[in-house]
Amino acid sequence: MNDHTPLVRVVDATKTFANGAGIRSIDFTARDRSVTAVIGPNGAGKTVLFSLIAGLLPADSGRVELARRDARVAYCPDVPQFESWLTAREVVETSRAISGHSNRAAGRQQSTRGASTKGAISAVLDLCGLGKVMDRRVVDFSRGMLQRLGIAAALVTDPDVLILDEPNSALDPIGRADVRGIIAEQKRHRCIVLSSHLLSEVEQLADHIVVLDQGRVVTQGTTEAILTDGIQPVWNIRLGGPSQITADDLAVAIPGAEFEFISSTLCTARFLSFAAAAHQLTTAIHLLRAPIIEVTLHDRDLDASFARIVQNQES
Amino acid sequence: MLLVTARVEMLRLQRSGLFAGLLAVFAFFGLSGPGLALYMPEILGAAAASDQLTIQAAAARPEDGIALFNQSAMQLGLIFAVAVAITSLGWDTRAGSSIFYRTRVTQLSALTLPRLLVGWCAVSITYTIGFALAVAMTVLFIGGVSMSAIIGVWASAIVYLIMAMSIGYLIMAASRRTAAAIAAATVLLLVLPILSQFEALSSWAPIALLGGTVVGVMPFLSSVVVTTLCVAAASLIASKQTLRRDA
């Protein structure tokens, strides 16, 4: 199978519960060797969708298709739980053994390449930062350690599709960076579907984003497309010192543009269009007559895009 | 996979203290039951010593030592044994651990049955140790017991324990709520002896297994049938269930 071919197809899937929660008529595709992020507010239906893909819940209508009949799906929930009397090593051993793991992992998973079962288990625990505590019982683990263990237990099964439900919600910044590195590495070997409320993380990791709200797909597309969808030609210009010109003088000098000084060193410039901005932004920077520290497109981050998309949906 | 699952259950029983608890319960009654039978006349006499009331109890017979062990073991020990079977499905009551197992196995019974089997073995072994202690104490302090009586009581108790565990296991598989399953199973097992009050049922109802040293074939058969049905029904129910949304 070629890289980036669709591996998971969710076709018009609906699953609702008595309390009204659930998902309705969801369609999306997740590609092999890429990261598809499903984002949305709490209760949007992300976990229900993941449960459907993992085969934990049947769809009321529609279907989930895997491109390969033997494709293995591993699902790491947002709060992984294990039998507390087991050690981390035993959890991963059990995961590998009961999932009917074959040696196909040896050629695919870098962490386990050419390794024996014990070596593979140690390698995946090391990869997830649990190498030093692999013989400690799970009962003593923090939530962050449980999340790492959940990822280790999923990876050791060498899944074709790895579903990570908020994989870094309980992690400290170092832990988040570690998990980000793991996902970036694992994306080379498998299809990853994840959710996260940390949109800056999603922005860095995801190739494709599906936005859910109230059980429906609000929008979906490449990360770049989602980031720029509905974005305004507004820039933040951060200065190294106070400017020698006022906002009104700038507006007079550049017709059609609007300027506002948020502070003495932060100016917001709004243009009529991106085409107009292409010419006028450099003029504005020249007229400011102050050291330029940073010029950034206003609201060009996933948090802002997400807020925009959901607000548009509600209005 | 069956061996891995069985190993996980053995670790659970060992590390959670359930095996030690079972052993302690059955061993305690194994040691105390015959002693209680031996000193029963003195105990009753002291308890009822007044001018108005005097109780005279016959001297203990060897059968009394075994019977007193079984009476005690089949109360606390039985509840403990049922709890072992019920908690073997405890992983399915929590969404996180349920996902862990349900996304990794295709046949759920391959996961659940070895665990039940290990529970049966643990209860049988610990009961047997307690029973052996009771027999030894009885022989030592009261008198000899016939081998047929020993085998009859032991086999009856083991079959009954396994049946009770299977009933609890079925209730747990259906309810997926540990406390509720233990409560329901306990009430059911306390109500079961009422069956022996009905003449038509008393000769073949499983409760007859706890009746004494002479037991017919029918209670064995009915227990095996109940056990089989419970295990089959539990496996069927578990395979039909999806992830518990409120777990």
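Mentor: Helices (H or I, at least four residues) and strands (E, at least two) are DSSP runs, numbered from the N terminus. This is a predicted model, in which local features need pLDDT of at least 70, side-chain atom pairs count only at pLDDT 80 or more, and totals for chains, interfaces and linings use all residues. Residues are numbered from 1 along each chain as its sequence is written, and chains are lettered from A and ligands numbered from 1 in the order in which they are written.

Trainee: How many helices and strands does chain B have?

Mentor: Along the sequence, chain B reads α-α-α-α-α-α-α-α-α-α. The count for chain B is 10 helices and zero strands.

Trainee: What percentage of the residues in chain B is buried?

Mentor: A residue is buried if 20 or more other C-beta atoms, placed from the backbone, lie within 10 Å of its own. Chain B has 247 residues, and the buried share is 43%.

Trainee: Are α4(B) and α7(B) roughly parallel or roughly antiparallel?

Mentor: Helix α4 (residues 62-87) of chain B packs against helix α7 (residues 147-175) of chain B at about 25°, with the axes 9 Å apart. Angles under 35 degrees count as roughly parallel and over 145 as roughly antiparallel. Therefore α4(B) and α7(B) are roughly parallel.

Trainee: Which residues of α7(B) meet α4(B)?

Mentor: Residues are in contact if their C-beta atoms, placed from the backbone, lie within 7 Å. From α4(B), residues including B:Glu63 and B:Ile66 take part. Their partners in α7(B) are B:Ala149, B:Val153, B:Ala157, B:Leu161, B:Ala164, B:Met165, B:Gly168, B:Tyr169 and B:Met172.

Definitions and conventions. Axes fitted to C-alpha atoms, helices over the stretch in contact; angles between N-to-C directions. Parallel < 35°, antiparallel > 145°, perpendicular 65-115°, else oblique. Contact = placed C-beta atoms within 7 Å. Buried ≥ 20, exposed ≤ 12 C-beta atoms within 10 Å, placed from the backbone.
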